Amino acid sequence: MELSNVAPRQKTALALWLVISLFFLWALTANLLPSLIPHLKKACQLSDFQSAFIDSSYWVAYFVMAFPAGLIIRKYSYKIGIIAGLLIAMLGALLFYPAAELRTFGFFLVALFLIAGGMSFLETAANPYVTLLGDASGASQRLNFAQAFNGLGAFISAFFLSKVILSGKEYTPAQTQAMTPAVLQQYLAGESARVKVPYLCIALVLFLVALLFILIKLPKVKEENKVRFKIDFSVFRHSHFTLGVIAQFFYVGAQVCISSFFIRYCKYSAGLPEISATNYLGYLLLFFMIGRYVGSLAMLKVKPQVLLTWFSAANILLLFHIVLIGGKGSVYAMMAVEFFMSIMFPTIFALAITGLGEQAKIGSSFLVMSIVGGAILPLLLGFISWKYNIMAAYAVPLACFFFVFYYGYRGYLLKDRLIHQNYFKALL
């Protein structure tokens, strides 16, 4: 498809909308995990600890693929990186069909790893590329606009697609043990098969979007191939950056724990059936999206580090209620937790890379790698839930927010505090 007769402004607008679609796609796949955990727990007859590997296989891909994605994008182009990511994720989505046929948990984990690996390419490419598609003065506004579609994808995934995957058929261990082998296998095969159509549709969408990127000539940006990518561990000399990587590790781990086991928590603590819990999951992620906009407005008056401290403190108090009291009130408390979490990832990210100068790019890569917290901490939560119960297991995200609180209160500090103020004024 040749765009030589299209005005440069129209080319840029078309490219921008294509890139924005990527924000929707990675939110769509990531936010199916809270539904996959209880679903595959039934279909593959897993413990809470085993089901936590669903999160781990997805988020560890971000850790593994962060540098390869960066190297490919810098060696070739943003376009090549995006196409590669879409095709890798498409392959992972297609593998859900044979995984469901075989009902093999390890096969599902491989498929999820590939989907997440592809999405890590998209995130590595799309975030900087969208800031370069237009005037530098509007970079922040374009990125915020694109992030809104990320929230939309999360809401649609949780509120609608989760109902396609989850059947609503819930049996106690005693009931499944009472089934004949033939009836049990029929039930398990039916549960496993429910992921086939949704993931085939996702694979088709990923292929069509990849085809559009192949056919459409994207505008060249000045930043491409300009700076040679280099791994530089000396960036960890900056204490505010090192503590920021740790804070991001704990924050992402807490975020994944809270949303991924939400349906299980609703069933155990409030007695909600899984289909009803998916409605609350949709509201949960809606509160996260609302919190992002409210938090952005609040930062016009309140320093980001102060807001991070307040919001972390609020989550600590809410999670004490979730761990110790439970019930329907804790389901609503979870929504408040998501609201207060919404500003944390970008705020920690910005505080951590402030003042790094030329090391900001390598620092950004390490901060993306800290997403591996979402692969490790849910395993701890799953293990505690397996040994005790899901309410007690939510002590894991509770502990995480203590470190996030510390980072907002003291850990972010630079010698020159004015740098932070100027940086956030530029963002807003």
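Trainee: In this predicted model, which residues of H14 are buried?

Mentor: Helix H14 covers residues 274-298 and has 25 residues. Its first and last C-alpha atoms lie 35 Å apart, close to the 36 Å expected at 1.5 Å a residue. The buried residues of H14 are Glu274, Ala277, Thr278, Tyr280, Leu281, Gly282, Leu284, Leu285, Phe288, Gly291 and Gly295.

Trainee: Around the axis of H11, what arc do the buried residues cover?

Mentor: In H11 the buried residues are Lys196, Pro198, Tyr199, Ile202, Ala203, Leu206, Val209, Ala210 and Phe213. An α-helix has 3.6 residues a turn, so residues three or four places apart point the same way.

Trainee: How far apart are the end C-alpha atoms of helix H11?

Mentor: Helix H11 comprises 20 residues, 196-215. At 1.5 Å a residue, a span of 28 Å should result. The distance in the model agrees with this, at 29 Å.

Trainee: Is cysteine 201 of this structure buried, partly exposed or exposed?

Mentor: Buried requires a relative accessible area under 20%, and exposed requires one over 50%. Cysteine 201 has a relative accessibility of 44%, so this residue counts as partly exposed.

Trainee: What phi does glutamine 45 have?

Mentor: Most residues other than glycine have a negative phi. Glutamine 45 belongs to the loop between H2 and helix H3 (48-51), and is partly exposed at a relative accessible area of 46%. Although glutamine 45 is a residue other than glycine, its phi is positive, near 55°.

Trainee: Where is arginine 103, which has a positive phi, placed in the structure?

Mentor: Arginine 103 is not a glycine, yet its phi is about 50°. Its relative accessible area is 23%, so arginine 103 is partly exposed. Its place is the loop between helix H6 (96-102) and helix H7 (105-132).

Trainee: What distance separates the C-alpha atoms of glutamate 358 and valine 235?

Mentor: Glutamate 358 lies in the loop between helix H17 (344-353) and helix H18 (360-369). With a relative accessibility of 78%, glutamate 358 counts as exposed. Along the chain, glutamate 358 and valine 235 are 123 residues apart, while their C-alpha atoms are separated by 9.9 Å.

Trainee: How far apart in space are serine 77 and lysine 220, C-alpha to C-alpha?

Mentor: Serine 77 occupies the loop between helix H4 (53-75) and helix H5 (78-94). Serine 77 is buried, with a relative accessible area of 14%. Serine 77 and lysine 220 are 143 residues apart in sequence, and their separation in space is 9.0 Å.

Trainee: Which residues lie nearest the centre of the second largest pocket?

Mentor: The second largest pocket has a volume of about 540 Å³. Helix H2 (33-43), helix H9 (173-178), helix H10 (181-193) and helix H13 (262-270) each give two or more residues to its lining. By class, the lining has eight nonpolar, five polar and six charged residues. Of the 19 lining residues, those nearest the centre are Lys41, Lys42, Tyr171, Pro173 and Lys267.

Technical notes
Residues are numbered from 1 along each chain as its sequence is written. This is a predicted model: local features need pLDDT of at least 70, side-chain atom pairs count only at pLDDT 80 or more; totals for chains, interfaces and linings use all residues. Side-chain values use heavy atoms; hydrogens and water are left out. On a 1 Å grid over the protein atoms alone, a cavity is a set of points where a 1.4 Å probe fits but cannot get out, and a pocket is an open set with protein on both sides within 12 Å along at least five of seven lines; lining residues have an atom within 4 Å of a point. Grid points are joined across faces, edges and corners, and a volume is the space filled by probe spheres set on the points. Helices (H or I, at least four residues) and strands (E, at least two) are DSSP runs, numbered from the N terminus. Ala, Val, Leu, Ile, Met, Phe, Trp, Tyr, Cys and Pro count as nonpolar, Asp, Glu, Lys and Arg as charged, and the others, Gly among them, as polar. Buried means under 20% relative accessible area, exposed over 50%, partly exposed in between (1.4 Å probe, protein chains only). The expected span of a helix is 1.5 Å times one less than its number of residues.
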